[in-house]
Amino acid sequence: MTTSTHFPADFTWAVATSAFQIEGAASADGKGPSIWDTFCAIPGTITDGSDGTVACDHYHRYREDVALIASLGVDAYRFSMAWSRVQPDGKGAWNEAGFAFYDRLLAELETYGIKAYLTLYHWDLPQGLQDDGGWLNRDTAYRFADYAREVARRFGNRVVSIATHNEPWCTANLGYGNGQFAPGVADAKQAVQVSHHLLLSHGLAMTAMREVGSAAQLGIVLNQWTADPATDSAADRAKADFEYARSVQWFMDPIFKGHYPELALRVHGENAPQVQDGDFAIICQPIDFLGCNYYFRSWCSAAVPPVPPPNALGVTDMGWEIYPQGLTELLLKLHAEYDLPPVYITENGMANADTLTDGRVADAARIAYVESHLAALKAAMDAGVDVRGYFLWSLLDNFEWNSGYAKRFGIVHVDYATQQRTLKESALWYRDFIGAQR
Ligand code: FCB
């Protein structure tokens, strides 16, 4: 794609991060522990044995980081709040020193005229709530609504948007399904119940935030993909249908249609969640925007061993297939199936085995990745999907969950020994691309 590919003049260009992945300051100024602090301490959970104690030390370096954001010429910045920083136990007392950090961050963004897109929950549940049963405990949904209400009351007029959850699919399926993520439970039935409580908490939080009259746009961020059968066999097609139902439709249908997808319920069988009367009325309420995170498609093969994906454009350092047209296909499919509010691509980007040489990081592969995904996004917009913004994941190299610091997603390189930030070539390209769009 060339820079002659014109996005609308009011399209939002942005970068994204999340609290646990960059902030560090794990116990500073009264912050309570989160389930990720606990999880990282268990030997063998994180590939490189690392944790989030320091991360990018953004808590102390936010001024420098906001200046970097501004230097890219972006319109907006998506970040998340660490719940246990502002409410150490996840219930009870608020921590004013924690709120003060986000107040300082917002003030800094305001100085540069950068719009704030806040996410309430990017996976770091306060450990205090985990001790009470975490997301398996229905009560956690109500605690989440209390937290959402307080944040909206304090900051609802200073941020453009508030997303309740980031990728609840991951919280449920990686946190409780295969145990790859905190809290590290591997239990299919629990994972499905957790997904229901997450959806319930989303609905309760929406209501709570509306009640305090927040001016922010309110919505949710979902990780989404198309599911492609590896072959035309009935088994592969069935696998793909189930995969799409249990991942994309599982979260979209309750929010937009007020029920779970029939196919997924059937396949879940006795693992289907306990739903109380009135739950869907809470979950299914209008959202002002939908955040869509897209990284790859789901490739579905029922064969043993499975038929591998074609990987025509290669794979990222995560081993994820690079498949930009999946973004076009996904958005068109969602547009056909649901009455969508404005959509934002709230995450997209790639891990690359970057190296800093003579002050430069030549990450041509990342530029190609972003460029091709922007072209795919534009194709969906040209076909009628109302997409309002693109958030590149990520501003900084950061703590990539169970991969630790071994995977680099940033357009800014971080030397973790010195905390030195260096703009990669992709950052310079993104800056110039945005400039050309204007
Ligand atoms: C998404 C997460 C984000 C980051 C990227 C690579 O699933 O939301 O925190 O880990 O993947």
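Let's go looking for salt bridges: this structure has 35 of them, counting each case where a side-chain nitrogen of Lys or Arg is within 4 Å of a carboxyl oxygen of Asp or Glu. Side chains of opposite charge can pair when their charged atoms come close.

Before you click: this is a predicted model, where local features need pLDDT of at least 70, side-chain atom pairs count only at pLDDT 80 or more, and totals for chains, interfaces and linings use all residues. Residues are numbered from 1 along each chain as its sequence is written, and side-chain values use heavy atoms, with hydrogens and water left out.

**Stop one.** Select Arg63 and Glu108, whose side chains form a salt bridge at 3.4 Å, N to O. Arg63 sits in helix H3 (residues 58–71) and Glu108 in helix H5 (residues 96–112), so this pair ties together parts that are 45 residues apart in sequence. Helices here are DSSP runs of H or I, at least four residues, numbered from the N terminus. Is Glu108 buried or exposed? Glu108 is buried, at 14% relative accessible area, while Arg63 is partly exposed at 48%. (Buried means under 20% relative accessible area, exposed over 50%, partly exposed in between, using a 1.4 Å probe and protein chains only.)

**Stop two.** Now pick Asp363 and Arg366, which meet in a salt bridge at 2.7 Å, N to O. Asp363 is buried, at 0%, and Arg366 is buried at 0% too.

**Stop three.** Jump to Arg431 and Asp432, a salt bridge at 3.2 Å, N to O. Arg431 is partly exposed at 34%, and Asp432 is partly exposed at 45%.

**Last stop.** Select Asp354, Asp363, Arg366, Asp397, Arg408 and Lys424 together: salt bridges with shared partners join them into one network.

Note on methods: Helix = DSSP H or I, 4+ residues; strand = E, 2+ residues; numbered from the N terminus.
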